Amino acid sequence: MTNKPKLKLATTSLAGCFGCHMSFLDMDERLVELLEQIEFDRSPFTDIKQLGPCDIGLIEGGVCNAENVHVLRTFREHCRILVAVGACAINGGVPAMRNHYSLQECLEEVYLNSPDTVNPHIPNDPELPLLLDKVYPVHEVVKIDYFLPGCPPTGDAFYSLLKDLIGGREPQVEKGRLRYD
Ligand code: SF4
């Protein structure tokens with residue numbers, strides 16, 4: 001009998017706080033069970049930088065700069081199933097609070113007008129990714145297959161989602177396991 005090949009899972013954080021990644025780890029010992037059926041590709045958990053062909057991609061965070069757009073498009077190209085994970089990915093979340101102001105107003109407030117600013121100037125090093133005019137939810141940039149809400153989603157919700165996807169089923173996360181904060 002041949003062993004079923006493991007599914008490849010990649011994760012990334014765009015404009016997020018890594019809280020969704022921390023909550024992923026709340027699956028605790030169930031991660032050991034999942035790792036019999038999946039293996040990580042690019043992810044902060046592995047530190048792999050180059051994304052290969054993947055079955056599932058989990059996206060944390062909204063899209064705030066040109067690098068986020070590039071990473072998100074790369075995930076869409078390489079991942080068969082793409083999941084928006086958490087409030088920031090789904091609606092912009094906390095980072096999108098800057099959308100109430102123009103980009104120029106945000107930059108001036110942070111780098112020029114803050115009371116404890118030293119050497120006030122707006123950074124323009126070419127190494128810095130260009131900021132977008134506002135923070136976008138990921139589905140406004142690429143097609144997203146599934147959404148896992150919460151700030152962050154619970155470890156139980158991650159487990160339920162992944163078990164269904166690994167089993168080739170439509171994800172049916174129970175209401176009690178979902179959060180909408
Ligand atoms: Fe952090 Fe919440 Fe955004 Fe997840 S949804 S990246 S926990 S702020």
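**Chat about the fold and the ligand shell**

Modeller: Let me start with contacts: of those in the protein chain between residues at least 6 apart in sequence, 76% join residues at least 24 apart. Bear in mind that this is a predicted model.

Biologist: Good to know. How many helices and strands are in the protein chain?
Modeller: There are six helices and seven strands. Reading from the N terminus, the order is β-α-α-β-β-β-α-β-α-α-β-β-α.

Biologist: And what box do the C-alpha atoms fill?
Modeller: Roughly 65 × 35 × 30 Å, taken along the principal axes. Of the 181 residues in the protein chain, 43% are buried.

Biologist: On to the ligand. Which residues are around it?
Modeller: The residues there are Gly-16, Cys-17, Gly-19, Cys-20, Glu-60, Gly-86, Ala-87, Cys-88, Gly-150, Cys-151 and Pro-152. Helix H1 (19–24) and helix H4 (87–91) are the elements that give two or more residues to this shell.

Biologist: What's the make-up of that shell by class?
Modeller: Six nonpolar, four polar and one charged residues.

Biologist: Switching to strands. Is E5 largely enclosed or open?
Modeller: Largely enclosed by the rest of the structure, because six of its seven residues are buried.

Biologist: How does E5 run relative to E3?
Modeller: E3 and E5 run parallel and are joined by six bridges.

Biologist: Which sense does the pairing of E5 with E7 have?
Modeller: That pairing is parallel too, with three bridges between E5 and strand E7 (residues 146–148). There, Ala-84 stands opposite Phe-147 of E7.

Biologist: Now helix H3. How far apart are its end C-alpha atoms?
Modeller: They are 19 Å apart. H3 covers residues 66–78, and at 1.5 Å a residue its 13 residues should span 18 Å, so the two values agree.

Biologist: What caps the N-terminal end of H3?
Modeller: Asn-65 does, with a side-chain oxygen 3.1 Å from the backbone nitrogen of Glu-67.

Biologist: Which residues of H3 are buried?
Modeller: Asn-68, Val-69, Val-71, Leu-72, Thr-74 and Phe-75. As a reminder on spacing, residues three or four places apart in an α-helix point the same way because there are 3.6 residues a turn.

Biologist: What covers those buried residues of H3?
Modeller: The cover includes strand E1 (7–13), strand E3 (54–60), strand E4 (63–65), strand E5 (79–85) and strand E6 (131–136).

Biologist: Last topic, H6. How many of its residues are buried?
Modeller: 10 of the 12, so H6 is largely enclosed by the rest of the structure. Among them are Phe-158, Tyr-159, Leu-161, Leu-162, Leu-165 and Ile-166, along with Asp-164.

Biologist: What is its reach, end to end?
Modeller: H6 (residues 155–166) reaches 16 Å from its first C-alpha to its last, close to the 16 Å expected at 1.5 Å a residue. After H6 comes Gly-168, whose phi is positive, near 75 degrees.

Biologist: I'm curious about Ser-160 in H6. Why does Ser-160 count as buried?
Modeller: Because its relative accessible area is 9%, and the cut-off for buried is under 20%.

Biologist: What does Ser-160 touch?
Modeller: Leaving out residues up to four places away in sequence, Ser-160 touches Gln-172, Val-173 and Arg-177.

Biologist: Great, thanks for the tour!

Key. Residues numbered from 1 in each chain as written. Predicted model: local features only at pLDDT ≥ 70, side-chain atom pairs only at ≥ 80, totals over all residues. Heavy atoms only, no water. Helix = DSSP H or I, 4+ residues; strand = E, 2+ residues; numbered from the N terminus. Expected span 1.5 Å × (residues − 1). Buried < 20%, exposed > 50% of the residue type's maximum accessible area, 1.4 Å probe, protein only. Contact = heavy atoms within 4.5 Å. Polar contact = N/O pair within 3.5 Å; in protein donor to acceptor, adjacent residues only side chain to side chain. Near = heavy atom within 4 Å. Nonpolar A, V, L, I, M, F, W, Y, C, P; charged D, E, K, R; others polar. Pairing = 2+ DSSP bridges.
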